[in-house]
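Subject: Structure handover and notes

Hello,

Here is the structure I promised you. Please open it next to this email and follow along.

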Amino acid sequence: MTAITSDFVAAPVLPKWVVPVLLLAFAYGVVPLIGSSYLLEAILLPFLALSLAGVGLNILTGYAGQVSLGSAAFMAAGAFAAYNFNLRVEGLPLIGSIFLAGIVAAAIGIVFGLPSLRLRGFYLAVSTLAAQFFVQWALTKFSWFSNNSASGVIDAPRLSISGFALDGAIGRYLFALTIVTVLTFLAYRLVSSQTGRNFIAIRDNETAARIIGIPVLRTKLLAFAISSFIIGVAGVIWAFAYLRTVEPDGFDLDRSFQILFIIIIGGLASIRGAFFGAALIVVFPLALSRLGGFLFGDLFDSGVLDMSQRIVLGALIILFLILEPDGLVALWDRVRRRLLFAWQST
């Protein structure tokens with residue numbers, strides 16, 4: 001056993017930055033050239049938006065240990081804030097609208113994060129659920145947010161940065177990819193810093209964190225603010241780049257649970273886990289639809305697909321919680337280590 005372990009430790013390991021750089025080179029240089037409009041608009045754009053939302057929720061839940069069921073509310077806050085900043089502040093660039101929208105989402109996150117100073121676990125989850133119902137009610141009740149649209153559904157503004165139009169599938173994909181890349185890098189640096197270690201300390205033992213001098217209350221609110229900022233920007237990508245409309249129904253309770261499922265399946269306290277989970281959530285309905293259509297033909301309609309998706313996803317979550325609590329990212333690391341060991345043994 002000792003010899004096996006020593007051989008494994010001696011195996012060459014690539015620097016951490018190599019794989020992300022190669023993935024980004026492929027995403028920027030190859031995908032726009034070979035990707036179809038369907039791939040970009042129906043798969044990659046929702047994947048990028050949901051991945052970023054998963055990163056934001058993972059900071060709050062995975063790293064800081066604060067349960068939240070109101071992610072879609074913060075997405076909606078970001079999307080509607082960006083729309084109104086773009087509409088009502090003349091000359092404000094698109095990036096400025098997105099940044100201010102993130103600030104608005106962060107402020108709302110802090111407000112609904114205040115109960116975390118007193119509540120924990122299930123009770124905190126219920127209090128954050130109030131954000132979901134309140135934000136949807138406010139966006140529906142006050143037509144000012146949707147520019148007095150009778151239907152409440154408004155077209156997203158034209159995507160343009162420094163005079164370059166990004167309205168096509170490739171432009172919207174590159175727009176989303178750039179924002180996701182920047183915010184994911186910043187999130188990775190954050191969780192690797194002292195602030196990230198403070199989050200983990202509070203998650204593991206709040207009393208011990210307070211004893212060693214960590215400002216627990218301020219750190220919790222900081223986690224809510226950062227998480228809501230990222231999720232709010234994800235909402236902008238979801239509305240502006242993917243849906244191309246801004247509407248409350250695009251950010252319903254199902255979306256909040258979807259983001260929660262992403263971090264559970266992908267892996268809590270893992271930036272990579274958000275991308276693994278989002279990939280499964282986006283690709284799974286398409287694969288299930290193709291498989292169901294192949295096996296059952298016309299009997300497998302949209303209603304059966306939706307019910308089957310819910311059943312299978314529920315079963316997957318239960319299996320992951322029982323068999324692999326650390327999610328897909330842990331499963332991937334285990335498979336990679338075994339393949340590396342097998343390669344070294346040959």
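Below is what I found, grouped by region. Please note that this is a predicted model.

**Helix α13**

I start with α13, which covers residues 271-296. It has 26 residues. From first C-alpha to last it reaches 38 Å, close to the 38 Å expected at 1.5 Å a residue. The helix does have a kink of about 30°, placed at Val 283.

Which residues of α13 are buried? The list is Ile 271, Gly 273, Ala 274, Gly 277, Ala 278, Ile 281, Val 282, Phe 284, Pro 285, Leu 288 and Gly 292. An α-helix has 3.6 residues a turn, so residues three or four places apart point the same way. Keep that in mind when you look down the helix.

What do the buried residues of α13 pack against? Their partners are α4 (37-63), α8 (169-191), α12 (253-266), α14 and α15 (327-345).

**A nonpolar patch**

Next, the surface. Leu 291, Phe 294, Leu 295, Phe 296 and Leu 299 make a nonpolar patch of about 630 Å². Leu 299 sits in the loop between α13 and α14 (302-323). Its relative accessible area is 68%, so Leu 299 is exposed.

Two residues in the loop between α12 and α13 deserve a look. One is Ala 269. Its phi is positive, about 55°, although Ala 269 is not a glycine. Ala 269 is partly exposed, at 28% relative accessible area.

The other is Ser 270. Ser 270 is buried, with a relative accessible area of 10%. It touches Asn 58, Tyr 63 and Val 329, leaving aside residues up to four places away in sequence.

Asn 148 also has a positive phi, near 60°, and is a residue other than glycine. Asn 148 lies in the loop between α7 and β1 (154-155). With 56% relative accessible area, Asn 148 is exposed.

**Trp 332**

Trp 332 belongs to helix α15. Beyond residues up to four places away in sequence, Trp 332 touches Arg 272 and Phe 276. Phe 276 is 56 residues from Trp 332 along the chain, yet their C-alpha atoms are separated by 9.3 Å.

**Salt bridges**

Side chains of opposite charge can pair when their charged atoms come close. How many salt bridges are there? The count comes to 10.

- Glu 206 and Arg 120: the closest N and O atoms are 3.2 Å apart. This pair links distant parts of the chain, 86 residues apart, with Glu 206 in helix α10 (residues 206-211) and Arg 120 in the loop between α6 and α7. Glu 206 counts as buried at 12% relative accessibility, whereas Arg 120 is exposed at 52%.
- Asp 254 and Arg 310: their side chains meet at 3.4 Å, N to O. The pair links helix α12, which holds Asp 254, to helix α14, which holds Arg 310, and the two residues are 56 residues apart. Asp 254 is partly exposed at 43%, and Arg 310 counts as partly exposed at 46%.
- Arg 334 and Glu 324: their side chains meet at 2.6 Å, N to O. Arg 334 lies in helix α15 and Glu 324 in the loop between α14 and α15, so the pair ties together parts 10 residues apart in sequence. Arg 334 counts as partly exposed at 30%. Glu 324 is buried, with a relative accessible area of 10%.

Some bridges share partners. Arg 120, Glu 206, Arg 210 and Lys 220 are joined in this way into one network.

**Ser 116**

Last, Ser 116, in the loop between α6 (94-113) and α7 (121-141). Ser 116 is buried, with a relative accessible area of 0%. It touches Gln 66, Leu 124, Lys 220 and Phe 224, not counting residues up to four places away in sequence. Lys 220 also belongs to the salt-bridge network above.

Best wishes

Methods:
Residues are numbered from 1 along each chain as its sequence is written. This is a predicted model: local features need pLDDT of at least 70, side-chain atom pairs count only at pLDDT 80 or more; totals for chains, interfaces and linings use all residues. Side-chain values use heavy atoms; hydrogens and water are left out. Patches are made of residues with over 30% relative accessible area and no salt bridge: like charges are joined within 9 Å, nonpolar side chains (Val, Leu, Ile, Met, Phe, Trp, Tyr) within 5 Å. Accessible areas come from the Shrake-Rupley method with a 1.4 Å probe; for residues, only the protein chains shown count as cover. A salt bridge is a side-chain nitrogen of Lys or Arg within 4 Å of a carboxyl oxygen of Asp or Glu. Helices (H or I, at least four residues) and strands (E, at least two) are DSSP runs, numbered from the N terminus. Buried means under 20% relative accessible area, exposed over 50%, partly exposed in between (1.4 Å probe, protein chains only). The expected span of a helix is 1.5 Å times one less than its number of residues. The bend at a residue is the angle between axes fitted to the seven residues ending there and the seven starting there. Contact means heavy atoms within 4.5 Å.
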